[in-house]
Amino acid sequence: MIEDYITSRLEPQILYYEKRSALFRREHNALSILTLFLMASIPFLTLLLDLAPSVRFAIAAVGIAASILSGILYFHNAKEQWQKYQALAQSLHSEKETYLYCAGAYQSIETQKEKDALFVATCEAIISRIEQ
């Protein structure tokens, strides 16, 4: 019974959280790097103003794009999402290992049925944290 819970509920949930974490990490890193390059290109573009006065439009466009990307980074919270999903995956994985090795809270419980019930309840409490 508990093996079914682990394979059909817990493992897919851990995998889902790990994938979401990786997705948000890549998104955050890509937006951060792009913003950095855009902001760093503005001083270089200003050097070209003497050669081509129309570069000022490119400077303005790059500044606007960098500002928009900074706003997206701030409001989208990709870094916080990445860290939240990573923490959830780690918590579930840790709980699984604690259960499998009968450590921590599982050490003092006499019956396997009580251990299983505590394990499922603890995992479900961790999973329900995502909505908070």
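Author: Start with the largest nonpolar core, which has 20 residues. Keep in mind that this is a predicted model.

Reader: OK. Which residues of that core touch the most other members?
Author: Y5, L10, Y17, L92 and F119 do.

Reader: And which elements give two or more residues to this core?
Author: Helix 1, helix 3 (78-100) and helix 4 (112-128).

Reader: Let me pick one. What is L10 in contact with, leaving aside neighbours within four places in sequence?
Author: Y5, L92, K96, F119 and C123.

Reader: What about another core, apart from that one?
Author: There is another, made of nine residues. L31, L38, I59 and L69 are among them.

Reader: Switching to helices. How do you even describe two that pack together?
Author: Two packed helices are described by the distance between their axes and the angle between those axes.

Reader: Then what are the values for helix 1 and helix 2?
Author: Helix 1 covers residues 2-47 and helix 2 covers residues 55-76. Their axes come within 9 Å and cross at roughly 155 degrees.

Reader: Parallel or antiparallel, roughly?
Author: Roughly antiparallel. Angles over 145 degrees count as that, so helix 1 and helix 2 qualify.

Reader: Is the crossing left-handed or right-handed?
Author: Helix 1 and helix 2 cross in a left-handed way.

Reader: How many nonpolar, polar and charged residues are in that contact?
Author: The contact of helix 1 with helix 2 has 16 nonpolar residues, eight polar and one charged.

Reader: Now helix 1 and helix 3. At what angle do their axes cross?
Author: At roughly 155 degrees, with the axes coming within 8 Å. Helix 1 is therefore roughly antiparallel to helix 3. Helix 1 passes helix 3 in a left-handed crossing.

Reader: And the classes of residue there?
Author: The contact of helix 1 with helix 3 has 15 nonpolar, seven polar and seven charged residues.

Reader: New topic. I clicked on H76. Which helix is that in?
Author: H76 is part of helix 2.

Reader: What does H76 touch, not counting residues up to four places away in sequence?
Author: H76 touches F24, E27 and Q81.

Reader: How far is H76 from H28?
Author: The two are 48 residues apart in sequence. In space, H76 and H28 are 9.1 Å apart, C-alpha to C-alpha.

Notes: Residues numbered from 1 in each chain as written. Predicted model: local features only at pLDDT ≥ 70, side-chain atom pairs only at ≥ 80, totals over all residues. Heavy atoms only, no water. Axes fitted to C-alpha atoms, helices over the stretch in contact; angles between N-to-C directions. Helix = DSSP H or I, 4+ residues; strand = E, 2+ residues; numbered from the N terminus. Parallel < 35°, antiparallel > 145°, perpendicular 65-115°, else oblique. Left-handed = near helix turned anticlockwise from the far one by under 90°. Nonpolar A, V, L, I, M, F, W, Y, C, P; charged D, E, K, R; others polar. Core = buried A, V, L, I, M, F, W, Y, C linked by side-chain atoms within 4.5 Å. Buried < 20%, exposed > 50% of the residue type's maximum accessible area, 1.4 Å probe, protein only. Contact = heavy atoms within 4.5 Å.
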